[in-house]
Every structure is written in C-alpha cells, then in structure tokens.
2 protein chains.
Amino acid sequence: MPDKLFIMLDIKRYMSEKRAQVDVALDRYLPAETERPSTLHKAMRYSIFCGGKRLRPILCLASSESAGGSGDAAMLAAAALECLHTYTLIHDDLPSMDNDDLRRGQPTSHKVFGEANAILAGDSLLTLAFELLAQAPQGARLALELARSAGSRGVAGGQFEDLAAEGKKPDTALVEFIHVHKTAKLIQAACRMGGIAAGVNEAGLAALDRYGERIGLAFQVADDVLNATSTPETLGKAVGSDAIREKMTYVSLVGVEQARRVAAGMADEAIAALTHLPGATEPLAALARFIVDRDM
Amino acid sequence: MPDKLFIMLDIKRYMSEKRAQVDVALDRYLPAETERPSTLHKAMRYSIFCGGKRLRPILCLASSESAGGSGDAAMLAAAALECLHTYTLIHDDLPSMDNDDLRRGQPTSHKVFGEANAILAGDSLLTLAFELLAQAPQGARLALELARSAGSRGVAGGQFEDLAAEGKKPDTALVEFIHVHKTAKLIQAACRMGGIAAGVNEAGLAALDRYGERIGLAFQVADDVLNATSTPETLGKAVGSDAIREKMTYVSLVGVEQARRVAAGMADEAIAALTHLPGATEPLAALARFIVDRDM
C-alpha cells in the first residue's frame with residue numbers, strides 16, 4: 001500500500017514540525033527554572049519536556065486548520081492541553097495511584113522531586129492550563145471545554161473508576177466508561193478547542209466533535225494493544241503492566257486482533273466525519289491513521 | 001467599646017446570611033453524590049460542606065457590593081473561590097504534605113476516602129473552580145485572576161516554600177513570601193474578583209487590590225496567633241502544631257503581642273483604602289476587623 005506509506009511519512013513530518021512549534025510555545029509559557037520557587041518550576045518543566053508526542057496539541061492545531069484558522073490562533077489552547085495532560089500523568093504515576101517509576105523511559109516526577117513536590121507540580125500545571133486559556137480569544141469558552149473534559153465528569157472521574165476497577169472482572173460497559181472519561185474526552189476536547197479557537201461554525205464543530213470522539217476511543221484501544229504487545233524499549237515503560245495489575249482493558253475483553261480491528265474501524269468513522277469543514281482536513285485524516293497504526 | 005461590639009455582632013449576622021447563600025450555590029454547582037463516580041463526588045462534597053467559614057466567597061460578595069454590583073452577579077466567582085480554597089486544604093493535609101488527620105474538627109479527606117481519592121477530589125475541585133468561572137460574565141478575566149493567585153506563582157508556590165522551610169531558622173523575608181503566596185494572594189484575588197464581577201472601574205479595583213492585600217496578610221498573621229494561643233475545641237484542630245513542626249510563622253519571629261498589633265495595623269490600612277468605591281463599604285470594613293479579632 002504505497003498510499004498509506006506516503007501518508008505515514010508525511011504525517012510524521014507534519015507532527016514533527018508542529019511538535020517543535022508547541023515546544024517553543026511551552027518554553028515561553030512556563031515559568032523559568034530560575035524563578036522562585038525554583039525547584040517547583042524545575043519539576044513542572046521536567047515533566048513537560050520529557051519526550052511527549054504532543055498529540056493533543058497537534059490535534060488542536062490541525063483541528064484549527066481544518067476550520068480555516070491559522071495554527072497560531074490555537075497555540076494557547078494547544079499549550080494548555082499539554083499542561084493539562086502532563087498534570088494527569090504526574091498524578092496518575094503517584095505511589096497512591098498507579099505507583100509507576102518510569103514514564104517515557106525517564107524516572108517519574110515523584111521519583112525525582114518527591115511526592116509532595118510532584119503533587120504540587122501537577123496542581124500548578126493544571127492551574128497554568130487555565131491561566132493560558134484565560135489569555136486566549138474565546139478564553140471562557142475554551143476553559144469550559146477543558147474543565148468539563150478534565151474534572152470529575154472527565155479525566156479525574158475516569159482515573160477514579162480505573163483505580164476502583166483494578167482486580168474486578170472485565171466488563172464492557174465499565175471499560176468503555178474508563179476509556180471515554182480517562183482518555184477520549186480530553187482528545188475530543190482538543191479537537192473541539194482547535195475549532196473554537198478558529199471560530200468554527202456549528203456544522204464544523206459537530207464534525208470535529210464526532211471526529212474527536214472516535215479517535216479518542218481508538219487511541220485508548222490502540223494503547224491497550226501496545227501495552228499488551230510492545231517492547232519496553234519502544235514503549236519507554238514496562239509492557240504487560242496492565243495484565244499484571246489486572247487493569248481492565250479492551251484487550252482483556254476481546255483479545256489483541258479484534259481490538260486492532262475495532263480501533264481501525266473507529267479511525268475510518270472519524271475520517272468519514274470530516275465533512276463540512278472549510279479548511280484542510282488531510283492532517284486530521286492522517287492523524288487518525290497514525291493513532292491506530294503507531295508503534296509507541 | 002460599644003461601637004466595636006455592635007460591628008462584631010452585625011458582621012456575624014452578615015456573614016451568616018452570606019454563608020447560607022454561598023452554601024445554596026455550592027450545593028447547586030457541585031455534582032450530586034448520586035452521579036457517577038459517586039464516591040468521588042461524595043469526597044468533593046465532604047470537604048466543601050465540612051464547616052468552612054466561607055471567608056473568601058463572603059469577601060468576594062462584599063467586594064462586589066462595594067463596587068455597586070448585586071451579590072448575585074459575583075456568586076459564580078464566590079463558589080469558585082471556595083472550590084479552589086478547599087482543594088488547597090485537601091492537598092495540604094495529605095500524608096506527603098502536612099499529614100494532618102483533622103480539619104475543622106473532622107477527619108481529613110484522605111483519612112475518610114484514602115489518599116488517591118483525596119488527591120482526585122482536590123484535582124476535581126480545582127478544575128470545577130474554572131468550570132464555574134467559565135460560565136460567568138467576565139469569565140476569562142476572572143479565571144486569569146484566580147489562576148495567577150493559585151498556581152506556582154501563588155498558593156502552590158507558597159505551599160512549596162512552606163514545606164521546604166520546615167525546620168529552618170525563622171527569617172522575615174521567607175515568612176512574608178510564604179504568607180503572601182500561600183494565603184494573601186487568594187484573599188486579594190477574592191476581593192478583586194468581586195469587583196471585576198461587578199464591573200468596577202480602575203480606581204475601585206485599585207482600592208480593592210490594596211484592601212485585599214492588607215487583609216490577606218492580616219489574616220495569616222492572625223492565624224499564626226490563633227495557632228499559638230487557642231484551644232483545640234475552638235480551633236477544630238491541634239494547637240501549637242506550628243511550633244511542634246518548627247513551621248516558620250510571624251509569631252515565631254516577633255511573639256504573640258507584637259503579631260497582634262501588626263495584624264490590627266494592617267486591618268486599619270485595609271479600611272483606609274476603601275475609598276473610590278461607589279457601593280456600600282461597611283461590610284468590607286467590618287470584615288477587616290473580624291479577620292484580626294476572630295477567635296477561630
């Protein structure tokens with residue numbers, strides 16, 4: 001399939017360019033390490049600049065382009081999304097939560113800075129996300145999107161149910177609740193926020209909403225597959241850890257092959273939703289394929 | 001001093017009325033305990049409805065009135081301030097932070113719900129604060145005020161330095177940094193946000209800014225005095241705990257009597273700033289006195 005290969009190469013260059021722009025923005029928006037309290041700002045920067053793929057910011061920027069906006073208009077929202085996502089990773093890794101020592105191949109925040117400082121670094125990144133949005137045009141509307149996807153009805157609620165579900169018998173409805181809340185809602189919000197930053201109309205926002213919902217679910221199913229099949233070197237963390245912890249995953253319900261098929265089908269549905277958008281939708285289509293075909 | 005006595009009684013009634021209004025609003029804004037994830041929502045409500053004085057919301061509402069606004073216009077901001085404040089209490093009490101078992105005479109969140117759930121309840125309340133502000137008129141401007149006062153340059157930064165300072169030699173500059181960041185900035189933000197919600201002009205905002213800065217500092221100095229002099233029954237938590245932990249406090253620097261005089265002087269300065277405001281400033285003046293004369 002030469003077409004597919006071409007798209008994969010192309011989207012990797014697109015992602016690499018956008019990631020560099022996002023990193024420049026994050027470096028500008030985060031307090032300097034020299035600013036007091038220096039260690040707290042070091043901890044915030046440590047986790048932000050720890051090799052993230054910047055998927056949520058890139059989806060936000062690509063969604064903005066698909067709505068006819070310039071990438072720039074959505075950069076505050078993109079940076080806010082990465083601050084929010086990074087806070088969830090720091091807190092999820094804590095000893096009282098998932099108790100992970102490694103993240104992206106590096107020691108987790110609490111291993112480097114201690115538990116109290118890791119909690120405060122996460123709190124500060126969560127707060128910074130809203131400080132950035134407050135400075136964007138459409139700031140209140142963007143903040144409402146992010147808060148709804150992140151709070152007890154979003155990511156935090158999903159993490160709660162994920163912790164509560166460990167060791168329980170796998171159950172389709174519960175796995176879906178966890179996937180939707182812990183992962184899909186924030187990815188969906190990233191797409192919606194890009195559109196909102198670009199001043200998208202209602203039909204366009206509905207398209208981005210559907211696209212984001214489908215790739216959000218596809219991303220988590222693909223993640224479950226990777227956890228079951230990848231190597232620690234590629235993944236930057238222990239593999240098979242979901243099974244060891246008896247975490248409820250899609251793979252534990254239907255097996256690896258069926259999970260792969262489901263994820264690919266979701267990507268198709270996401271791409272089919274990309275109508276009624278006035279700008280370039282090729283990056284979003286390629287991102288949907290990347291999300292289910294990636295190896296990390 | 002009959003005048004002073006009259007003001008104290010009057011302000012207690014004022015506070016009691018406002019507190020009841022704030023509690024009605026919080027009850028409406030917080031997710032129901034029956035809503036999934038039920039235990040997470042229970043944990044959020046447990047700490048919110050655990051006997052708080054609602055000082056920050058009341059200052060916000062009184063500041064709104066002083067700027068000629070109706071109390072109602074500022075209610076979203078008032079509720080957001082209490083969600084933010086409560087999140088800081090839950091996280092400060094955690095085993096890896098201050099490791100407190102009691103707060104307002106009740107077991108702390110992590111004692112009741114476990115550490116992971118206490119962290120998530122705090123995270124969710126922090127997020128809810130911005131969700132509420134995003135729905136207010138002036139939402140982006142209010143969110144900017146709250147985020148700046150709460151993040152690594154505000155409350156979280158103050159808590160970081162407070163933890164780092166335990167056991168160190170008392171130092172005036174460090175005590176002031178901790179007081180300003182951990183306590184004063186959020187109280188100051190409460191006053192500014194009330195003004196902003198009421199559409200205050202620049203001179204009025206400057207007055208509220210100065211008033212808030214002075215009572216914010218006075219509050220923390222008075223708090224240090226109470227910790228050194230009160231009884232556990234009155235305070236709802238262990239007394240003398242600052243001294244036992246070798247926490248850096250104003251009392252440890254200058255003693256109880258001088259600290260009392262300093263706090264009273266700050267209240268005077270706060271009241272003197274209440275000019276250029278088009279609405280009723282009597283509640284704010286009485287609140288300044290209450291803050292330094294309170295016994296809990």
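**Exercise 1.** In which helix of chain A do A:Arg210 and A:Glu213 both lie, and how many residues apart are they?

*Solution.* Start with the ground rules. This is a predicted model: local features need pLDDT of at least 70, side-chain atom pairs count only at pLDDT 80 or more, and totals for chains, interfaces and linings use all residues. Side-chain values use heavy atoms, without hydrogens and water, and residues are numbered from 1 along each chain as its sequence is written.

Step 1: locate the pair. Both residues sit in helix α10 (residues 202–229) of chain A, three residues apart, about one turn of the helix. Helices here are DSSP runs (H or I, at least four residues), numbered from the N terminus.

Step 2: check the contact. A:Arg210 and A:Glu213 form a salt bridge, with closest N and O atoms 3.4 Å apart. The term means a side-chain nitrogen of Lys or Arg within 4 Å of a carboxyl oxygen of Asp or Glu.

Step 3: widen the view. A salt-bridge network links A:Arg210, A:Glu213, A:Arg214 and A:Glu269.

**Exercise 2.** Are B:Glu82 and B:Arg54 buried or exposed?

*Solution.* Step 1: find the contact. Their side chains meet in a salt bridge at 2.9 Å, N to O.

Step 1: B:Glu82 belongs to helix α4 (residues 75–92) of chain B, B:Arg54 to the loop between α2 (38–48) and α3 (55–66), 28 residues apart.

Step 2: classify. Both B:Glu82 and B:Arg54 are buried. Buried means under 20% relative accessible area, exposed over 50%, partly exposed in between (1.4 Å probe, protein chains only).

**Exercise 3.** How many salt bridges are there over all chains?

*Solution.* The count comes to 38.

Methods. Chains are lettered from A and ligands numbered from 1 in the order in which they are written. Helices (H or I, at least four residues) and strands (E, at least two) are DSSP runs, numbered from the N terminus.
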